[in-house]
Each structure stands twice: as C-alpha cells, then as structure tokens.
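Here are a few friendly notes on the aromatic residues, for you to read alongside the model. Please keep the viewer open as you go.

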Amino acid sequence: MSIADFTNREPIKPFVKFVRETVDDAKATLAAGRYVAKDVDYVHITPAYTKDIFKQKAADWFAQVKRDVSDGREREDWLNGWLKQYEMWKNGQEMPLEGSPIKGWGVISPAMQETLIRMNILTVESLAGVNDEGQKRIG
C-alpha cells in the first residue's frame with residue numbers, strides 16, 4: 001500500500017445523532033425564585049470507525065459547520081444532509097439510511113448485526129469501508 005492509497009480515499013461522513021437534554025436555566029431560576037429548566041438540543045458526533053463521541057449544542061455546531069463549509073473545510077452536501085436529519089428528528093422522524101441497512105442483512109448473524117449497529121456501522125457500504133482500527137473493534 002502506498003501513501004497515495006490513503007490520500008486519495010474518499011472522506012467518510014461522521015455519524016451524527018441529535019438528543020434533547022434538560023439543563024438548568026440559572027437566570028430564570030433566580031428570577032422566579034424556584035428551579036427552572038429548559039430543553040437544549042445537542043449533537044453527538046462520532047468520527048467514522050472510532051469510539052469517540054463529541055458532544056456540542058446543535059446550534060453552535062451547525063454555525064461551526066457552516067463556517068467550515070464556507071472556508072472549504074467541510075462538504076456542503078454533508079451539511080445539507082445533517083440539516084435535513086435535524087429537521088426530521090425535531091419532527092419525530094428518522095432519517096433514512098444511505099445504503100443497504102445492516103439490520104436485517106441475512107449474510108451475518110443477528111448478534112453481529114447488533115454489534116455493528118452499536119458501533120454506528122449502519123449500512124453494508126459503511127462496513128465495506130471499515131479501516132484497520134474498525135476491523136479490530138469488530139473482531
């Protein structure tokens with residue numbers, strides 16, 4: 001394998017999941033004289049084939065990604081997909097997968113399907129692109 005094999009690789013989109021968490025609203029609590037909380041949308045970002053999860057407020061993250069797109073450091077199609085995913089999530093819908101789903105794929109056992117899904121490998125295409133670290137994690 002040469003260095004060109006790695007430099008010419010197509011980048012792999014990180015796995016993104018949106019969650020809503022309850023946080024303390026300190027100003028409102030002081031003003032009301034009682035505990036007040038608010039809901040905040042967060043995004044959990046898992047780079048491809050890693051166990052790392054980066055958590056950030058969704059509004060802040062989208063602002064950063066938009067800056068990265070305008071600076072040429074991030075792909076605009078990924079941003080548009082994440083914006084669509086976020087809107088669908090807010091409406092209680094699930095974003096359709098891009099590719100053949102691992103769940104229900106008859107080539108592997110249900111236990112292996114669950115293992116891959118828990119590793120955020122949700123499609124056969126994602127599995128095909130697993131790097132060395134991902135292969136070690138799969139076993």
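Is Trp61 buried or exposed?

1. Trp61 is buried, with a relative accessible area of 7%. Please bear in mind that this is a predicted model, and the burial label applies because the value falls under 20%.

2. Let's turn to the aromatic rings as a group. The structure holds eight aromatic pairs. One of them joins Phe18 and Tyr86, whose ring centres are 4.8 Å apart, with 50 degrees between the planes, a tilted arrangement. Phe18 belongs to strand S1 (residues 15–24) and Tyr86 to helix H4 (residues 76–90), so this pair ties together parts that are 68 residues apart in sequence. Phe18 is buried at a relative accessible area of 5%, and Tyr86 counts as buried too, at 13%.

3. Now back to Trp61, which forms a tilted aromatic pair with Trp82: the separation is 5.1 Å centre to centre, and the planes make an angle of 55 degrees. Since Trp61 lies in helix H3 (residues 58–70) and Trp82 in helix H4, the pair ties together parts that are 21 residues apart in sequence. Trp82 has a relative accessibility of 2% and counts as buried.

4. Lys55 lies over the face of Tyr42, at 4.8 Å from the ring centre.

Terms used
Residues numbered from 1 in each chain as written. Predicted model: local features only at pLDDT ≥ 70, side-chain atom pairs only at ≥ 80, totals over all residues. Heavy atoms only, no water. Phe/Tyr/Trp six-rings, centres within 6.5 Å; stacked < 30°, edge-to-face > 60°. Helix = DSSP H or I, 4+ residues; strand = E, 2+ residues; numbered from the N terminus. Buried < 20%, exposed > 50% of the residue type's maximum accessible area, 1.4 Å probe, protein only. Lys NZ or Arg CZ within 6 Å of the ring centre and 35° of its normal.
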